[in-house]
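Please find below a colleague's note on the model under review. It is set out as numbered points, for reading alongside the coordinates.

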Amino acid sequence: MKFLRTLILSLAALLYTAPTNAQDITVGAQVRPRFESRDPFNTPTVTANDVFTSMRVRGQVRAELENNVRVMVQFQDVRLWGEETNTLADFQADNFDVHQAYIEVSSEGRTTYAARVGRQEIAFGGHRLIGTVNWTQQARSFDAARLSADGSDVRLDVIGAWLSDATSATNDDDAYLLGAYAQLREAGPGTLDVYALFNTRFDRSGAGDPDTEQGTFGARWWGQSGNVSFRAEASYQTGDRAGLDASAFMFGGRVGTTLGDGAGSLTLWYDYLSGDDDPSDNDINVFDTMFATNHKFYGFADLFLNIPVHTAGRGLQDIAVKGSYRPDPRVSLGLDIHSFHVAKSQGLSTGHLGEEADATVTYQHSGNMRVTAGLSQVIQADGFADIGRLNENMTWVYLMMDVGF
């Protein structure tokens, strides 16, 4: 921790004294410990309760330089309490890393143009296919270049990210993510997003592993009319995935309303992700959620973080009711109830996976400190056991503090 603080202050001092005429420098940090108890641990072979505390520590420096140049450097350390081999002799910070480090140059005017190059977080469309996965302590960032044009009615982002480079000592593949994401802000009572994403992976090891060249195309319409909020979206995937012909799709929607004086809300939610009814053929029909923040969509117990792996290629249907209530400006209560089913049930005793209830309490102690507690209960049905995911009911409890500036 002392090393992290010293490093951040040193970077800030360097920016202050460098001949760059820095106009605004902001130093920030975050400490986020989280206690969790999961019973059983979410694999079918482990039935014991798993209790642990993880922690994220971040430090960052932002600099606004002349001629609309911005620099962001963000470091983080992610660890489990008790993972070090010795309380005195182990001080290596094995999981210390650069989470973000980029340069951004922008223009001024009615339409703002910007170019951001470096390691960065990227999120589009509510994190459905590309998200930061902020719930995980490490979160997600990309080595990428991003070009943006932002006008009064339209925004366009074009990205190119390096996922794997065979030139490095740790990878045998070259893999890339390319995409364009447009947002039309005046689409009736809502906003219309349209996008095209391409993810590729090419084997450079000489082992002959099959390549991936896949395109994902979709649209998302979302907004609010009066006290009713709505979202409707659909995506289609085509191309080659791991040497197989891909043809998959997803669609989803939600509608919600505020209750009473606006302190509460109620939302109805449905998602359908296509599945594969014949894994032995040369086609693959299961939808791949790519780089999504699945924790946000498919239950807080995180039984579906990796789709299609965590649904055994069967796809997923999620029928949910979500409610929230704020009894006090600093206190928020939430209750989500999910019913999970596979999209393709051939070969299973049932397509019903089970139900999940997620209760959450958030207390905003101050502008810099928030405390969140949660309880999730998963009622397992035979479908969960059939796909090798969960053989009994699961209880998950967590308590998290989040302090930052």
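The points that follow concern a predicted model and take up its pocket, cavity, surface patch, salt bridges and backbone geometry in turn.

1. The largest pocket. The space in the largest pocket amounts to about 1000 Å³. Its lining comprises 39 residues, and those nearest the centre of the pocket are Lys296, Phe300, Asp336, Thr360 and Thr362. Among the elements that give two or more residues to this lining are strand E1 (24-39), strand E12 (244-259) and strand E13 (264-273). Strands E15 (316-328), E16 (331-341), E17 (352-364), E18 (369-380) and E19 (394-404) also give two or more residues each.

2. The model has 1 cavity of 30 Å³ or more. The space in the largest cavity is about 70 Å³. Phe124, Gly125, Arg128, Leu129, Ile130, Tyr181, Tyr195, Leu197, Arg220 and Glu233 make up its lining. Of these lining residues, 6 are nonpolar, 1 is polar and 3 are charged. Gly125 belongs to the lining and is classed as polar because the scheme places Gly in that group.

3. The C-alpha atoms of Val57 and Tyr195 lie 34 Å apart in space, and the two residues are 138 apart in sequence. Val57 is located in strand E2. With a relative accessibility of 5%, Val57 is buried, because residues under 20% are assigned to that class.

4. A nonpolar surface patch. A nonpolar patch on the surface is formed by Leu178, Phe198, Phe217, Tyr236, Phe249 and Phe251, whose accessible area together is about 540 Å². Leu178 belongs to strand E8 (residues 173-187). The relative accessible area of Leu178 is 47%, so this residue is partly exposed.

5. Salt bridges around Arg79. Side chains of opposite charge can pair when their charged atoms come close. In this structure there are 19 salt bridges. Arg79 takes part in a salt bridge with Asp77 at 2.6 Å, N to O, and in another with Glu84 at 2.8 Å, N to O. Are these residues buried or partly exposed? Arg79 is buried at 17% relative accessibility, and Asp77 is likewise buried at 9%. Glu84, by contrast, is partly exposed, because its relative accessibility is 31%.

6. Arg146 and Asp157 form a salt bridge in which the closest N and O atoms are 3.0 Å apart. The pair links distant parts of the chain, with Arg146 in strand E6 (residues 142-150), Asp157 in strand E7 (residues 154-164), and a separation of 11 residues. Both Arg146 and Asp157 are buried. Through shared partners, salt bridges join Arg146, Asp150, Arg155, Asp157 and Arg185 into one network.

7. A cis peptide bond. Most residues other than glycine have a negative phi, and most peptide bonds are trans. Which peptide bond is cis? The bond joining Asp39 and Pro40 is cis, with omega about 0 degrees. Pro40 sits in the loop between E1 and strand E2 (50-65).

8. Positive phi values. His127, a residue other than glycine, has a positive phi, near 75 degrees. His127 is placed in the loop between strand E5 (112-120) and E6. Met290, also not a glycine, has a positive phi near 60 degrees. The loop that contains Met290 runs between strand E14 (283-284) and E15. Met290 is buried, because its relative accessible area is 14% and the buried class covers values under 20%. These two sites, His127 and Met290, together with the cis bond at Asp39 and Pro40, are the backbone features put forward in this note.

Methods
Residues are numbered from 1 along each chain as its sequence is written. This is a predicted model: local features need pLDDT of at least 70, side-chain atom pairs count only at pLDDT 80 or more; totals for chains, interfaces and linings use all residues. Side-chain values use heavy atoms; hydrogens and water are left out. On a 1 Å grid over the protein atoms alone, a cavity is a set of points where a 1.4 Å probe fits but cannot get out, and a pocket is an open set with protein on both sides within 12 Å along at least five of seven lines; lining residues have an atom within 4 Å of a point. Grid points are joined across faces, edges and corners, and a volume is the space filled by probe spheres set on the points. Helices (H or I, at least four residues) and strands (E, at least two) are DSSP runs, numbered from the N terminus. Patches are made of residues with over 30% relative accessible area and no salt bridge: like charges are joined within 9 Å, nonpolar side chains (Val, Leu, Ile, Met, Phe, Trp, Tyr) within 5 Å. Accessible areas come from the Shrake-Rupley method with a 1.4 Å probe; for residues, only the protein chains shown count as cover. A salt bridge is a side-chain nitrogen of Lys or Arg within 4 Å of a carboxyl oxygen of Asp or Glu. Buried means under 20% relative accessible area, exposed over 50%, partly exposed in between (1.4 Å probe, protein chains only).
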